[in-house]
Amino acid sequence: MTPRHPGSQPARTSVRTGRALAVGAVLGGLLLGAAAPAVAAVPGSAAGPARTAAARAAATTVTVSGSGRASAAPDLAVVSVGVEATRPTAKEAMAAQSEAAKALLAALRAQGIADRDVRTESLSLSPVYTQTPEGESKVTGYQAGQSFSVKVRDIDKAGQVIGAVGDATGDAGRVNGVSFDVSDPTALRAKAREAAFRDARDKAAQHAALSGRRLGRLVSLTEGDSVRPTPGALPSAPADGGDSVPLAPGEIEEHVSVTAVYELV
């Protein structure tokens, strides 16, 4: 059996410990070297967007409203006509208005009005009251009526259509009103929108000049509801008939409003 040297075991342990420390130092250096660029990149990558957001938040803006309008000759007439009949009983009143309505629809077809351009707007039946000498209200009959909306695509024939309705329905006929419009408002609305945008930009440019700045980018733009002013409905009146009723179509206007926000630089 070979005797062990008293200092051999501590010496080997010391060597192993030194090697472990050396390996640990090398690995630690590699890990620190890999982590160093990532740590250094974090502040740099966040600073750019943060500065940009702060600059945008500090930008001065101006909010303006613009309005624009465009006009065009109408190419469509919408006529509101109807019939009305009063009889002693509800059944008789409904029958009378039905006969008058049939005559009205036949007259429209004779004028070249397509069925798709005629729509029933209302149908009514109501009692007629009469005041008695004693102050009481008494039902003395019933009134039935029906109204129609009629699109006349040849507006030059609108007066002629009204006259034909009056001839066909007699005392039962009613004319409730007439309005004019354009069948496709797309082009008219586009012109009004363009005028509203220019109006808003001109106002913003003036504000920029008055404040000693230049007009910057458009930040936001909001369009309001477009409006097409139309004359109020005419009161209901009997259709007296005749060859043609004179009408004045005038012009159709489209109004558009916008709200714009611009930067001032």
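Author: First, the terms of exposure: a residue is buried under 20% relative accessible area, exposed over 50%, and partly exposed in between (1.4 Å probe, protein chains only). The model is predicted, so local features need pLDDT of at least 70 and side-chain atom pairs pLDDT 80 or more, while totals for chains, interfaces and linings use all residues. Residues are numbered from 1 along each chain as its sequence is written, and side-chain values use heavy atoms, without hydrogens and water.

Helix 4 spans residues 186-210. Helices (H or I, at least four residues) and strands (E, at least two) are DSSP runs, numbered from the N terminus. Helix 4 has 25 residues and reaches 37 Å from first C-alpha to last. That is close to the 36 Å expected, where the expectation is 1.5 Å times one less than the number of residues. After the helix comes Gly212, with a positive phi near 70 degrees.

Now the inward side. Buried here are Leu188, Ala192, Ala195, Ala196, Ala200, Ala204 and Ala208. An α-helix has 3.6 residues a turn, so residues three or four places apart point the same way. The buried residues of helix 4 pack against strand 1 (60-72), strand 6 (215-223) and strand 8 (252-264). Contact means heavy atoms within 4.5 Å.

A nonpolar core is a set of buried Ala, Val, Leu, Ile, Met, Phe, Trp, Tyr and Cys residues joined through side-chain atoms within 4.5 Å. The largest has 37 residues. Among those with the most contacts inside it are Val81, Leu104 and Ile113. Helix 4 gives two or more residues to this core, as do strand 1 and strand 8, among others.

Next, charge. A salt bridge needs a side-chain nitrogen of Lys or Arg within 4 Å of a carboxyl oxygen of Asp or Glu. The count comes to 12. Lys203 is partly exposed at 32% relative accessible area, and Asp199 is partly exposed at 23%.

Glu263 meets Arg217, with the closest N and O atoms 3.3 Å apart. Glu263 lies in strand 8 and Arg217 in strand 6, so this pair ties together parts 46 residues apart in sequence. Glu263 is buried at 12%, while Arg217 is partly exposed at 45%. Arg69 and Glu253 form another bridge, at 3.6 Å, N to O. Arg69 is in strand 1 and Glu253 in strand 8, 184 residues apart. Arg69 is exposed at 54%; Glu253 is partly exposed at 29%.

Last, the surface. Phe197 belongs to helix 4 and is partly exposed, at 33%. With Leu218 and Leu221, Phe197 forms a nonpolar patch of about 230 Å² accessible area together. Patch residues have over 30% relative accessible area and no salt bridge; like charges are joined within 9 Å, nonpolar side chains (Val, Leu, Ile, Met, Phe, Trp, Tyr) within 5 Å. Areas come from the Shrake-Rupley method with a 1.4 Å probe, and for residues only the protein chains shown count as cover.
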